[in-house]
Amino acid sequence: MLSDKKIKFIVRIAGIVIFLTILICLILIDINLSGRQSIYVSAEDNNSKVSQIFPVSRTIVNDNWNIIDEPVYFTTRMSAPYDNVELKIKYKNDCCQQVLIGLQTGDNWSYEEELLDNKDFNNLAWPKTILDNLSVWSNMEGIIGESEIISGLANSDKIASYNIPSDKDYIIEDYSDYKAQQSININLIGDYSMLVYVNDRIYLDFNFIGDNISTIKLYDNSSNLIKQDETLDSNYILEMNNLKTGIYKISISTDNITSSIASINKYINFTNQLSLNGGKHSLLSNASTIRIKSLDYSGLQNIIYADNDLAIDTINNKYYLRDLSDRTYLDIPSGNIQIYSDGLFSFNDDYLLDFIPGSIKRITDESDYEYLIAKYHKPIIDGDYSINTVSFDLASATISDNKLRFIIGALGSSIDNPFIIESIEILYEKKSGLSFWTEFIDYLKYCWRNIR
Amino acid sequence: MRLTKRQLMIFDEIFAIISITWIIYMIAEYLKVGLISNYYDLNIHFIILIILFIFRIMLKED
């Protein structure tokens with residue numbers, strides 16, 4: 001017969017062994033020695049590792065996620081450090097010219113974006129080859145082989161590219177600056193960004209109305225910040241010489257009204273969102289989809305675009321112009337609206353940039369390019385749905401509380417015409433060939449970073 | 001319900017181990033969200049603890 005002491009000892013050891021084994025197993029599952037972890041999630045089939053799509057006001061959930069406004073977000077839990085994440089999304093897109101998926105990177109609200117769906121690229125009938133995970137379309141007669149495409153690419157100047165850095169300089173032939181400054185009345189409220197084509201010199205003379213600080217940032221064509229200024233004055237001149245030819249980006253943060261810009265640079269194009277102050281505006285755009293919203297009664301009006309008109313008759317309602325051509329004129333009689341698009345706007349009819357190098361969004365069979373390179377593959381059609389995959393390198397991803405944050409940009413989605421997601425499959429991948437101890441130490445470091 | 005002194009001792013040992021485990025798992029979960037809760041339900045663990053505790057109150061030594 002065992003003594004009380006021995007029984008106590010046996011029970012203690014057995015208990016500790018059982019629970020420690022469970023703990024060790026859980027950690028091993030977390031570390032995932034196979035190097036690949038796949039998570040499947042759908043609107044019906046929740047998974048604690050993936051959040052629902054939010055904000056809820058922009059999504060209707062039934063059998064699918066119906067995205068009725070953009071952007072929307074979701075987060076995924078990553079249990080151990082991985083090097084790459086791939087999202088395989090089953091979706092139905094009847095609303096949007098293009099749909100983007102982004103992964104949060106850096107400290108700010110910035111996202112590295114990839115194309116999930118683009119109707120122009122899907123409908124393009126040019127011969128196509130896959131080269132280093134990139135799709136290359138060729139519009140040249142007789143070029144279909146891989147080697148011909150590679151040699152053709154090296155010699156061509158007419159290359160359009162999407163989401164890959166372009167090593168070719170963007171040069172507009174026969175361009176010269178205005179001899180004397182030309183002023184354009186823009187009459188914009190608050191923040192905006194613009195792209196300016198620079199050939200050696202940039203000269204922009206901003207006129208502000210208001211007493212607030214204006215912050216002006218100038219980025220070169222590789223997105224490096226090259227100048228930043230703050231001003232309280234009603235006038236600010238941004239001037240730099242000896243610049244490399246290309247497209248420069250300027251972002252203005254202000255609570256003032258920008259009444260006009262005088263410049264010697266011809267191409268001054270505005271991106272993303274503009275808040276138009278009261279008064280008549282004429283704009284030219286190459287966007288495929290434009291969203292318009294009036295914030296007060298003074299913004300209710302009839303907007304004329306491409307021989308059609310759009311009645312803005314309700315405050316805060318979002319109105320969409322869809323399937324637009326690559327040149328759309330907008331006549332806005334009384335202003336006081338917010339406009340948002342997936343393309344560029346110009347206040348000058350003659351100077352709208354055809355495309356931004358490295359980020360072309362629109363291309364058709366009639367386009368005047370010899371090649372198109374994009375980090376994009378045509379989706380696989382599965383009944384009414386399409387399936388496509390986007391992948392991200394996690395080296396620069398923001399990981400907060402062991403979570404990755406994704407954005408879905410589906411400009412054009414609305415309650416009548418939502419962007420529908422049936423399922424999302426997330427595949428995390430690690431570099432292969434690491435020893436158990438390396439992986440274990442990486443895992444501890446990853447956990448420690450989260451605790452701190 | 002009556003148990004022998006030895007049976008009560010074993011019961012108390014098991015109860016103590018489950019309690020300490022729950023605390024360790026809670027700390028592990030706090031330090032790394034999702035480590036335990038994704039595969040193992042800490043709430044059920046806690047409910048079992050409460051049931052055992054109530055049961056322990058009703059037990060008497062023979």
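These legends accompany close-up views of aromatic rings in a predicted model. Residues are numbered from 1 along each chain as its sequence is written, and chains are lettered from A. Local features need pLDDT of at least 70, side-chain atom pairs count only at pLDDT 80 or more, and side-chain values use heavy atoms, without hydrogens and water.

View 1. The whole structure holds 25 aromatic pairs over all chains (Phe, Tyr and six-membered Trp rings with centres within 6.5 Å; planes under 30 degrees apart are stacked, over 60 edge-to-face, the rest tilted). A:Tyr175 sits in the loop between strands S10 (159-162) and S11 (182-189) and A:Tyr197 in strand S12 (residues 192-209), so the pair ties together parts 22 residues apart in sequence (strands are DSSP runs of E, at least two residues, numbered from the N terminus). Both A:Tyr175 and A:Tyr197 are buried (under 20% relative accessible area, 1.4 Å probe, protein chains only).

**View 2. A:Phe270 and A:Phe347 pair edge-to-face.** Look for 5.2 Å centre to centre and 85° between the planes. A:Phe270 belongs to strand S17 (residues 268-278), and A:Phe347 to the loop between strands S24 (335-346) and S25 (371-374), 77 residues apart. Relative accessible area is 0% for buried A:Phe270 and 14% for A:Phe347, also buried.

**View 3. Five tyrosines make one aromatic cluster.** Its members are A:Tyr175, A:Tyr178, A:Tyr197, A:Tyr267 and A:Tyr351.

**View 4. A:Arg405 lies over the face of A:Tyr73.** The distance from the ring centre is 4.6 Å (the criterion is NZ of Lys or CZ of Arg within 6 Å of the ring centre and within 35 degrees of the ring normal). A:Lys90 lies over the face of A:Tyr385, at 5.6 Å from the ring centre.

Conventions
Helix = DSSP H or I, 4+ residues; strand = E, 2+ residues; numbered from the N terminus. Buried < 20%, exposed > 50% of the residue type's maximum accessible area, 1.4 Å probe, protein only.
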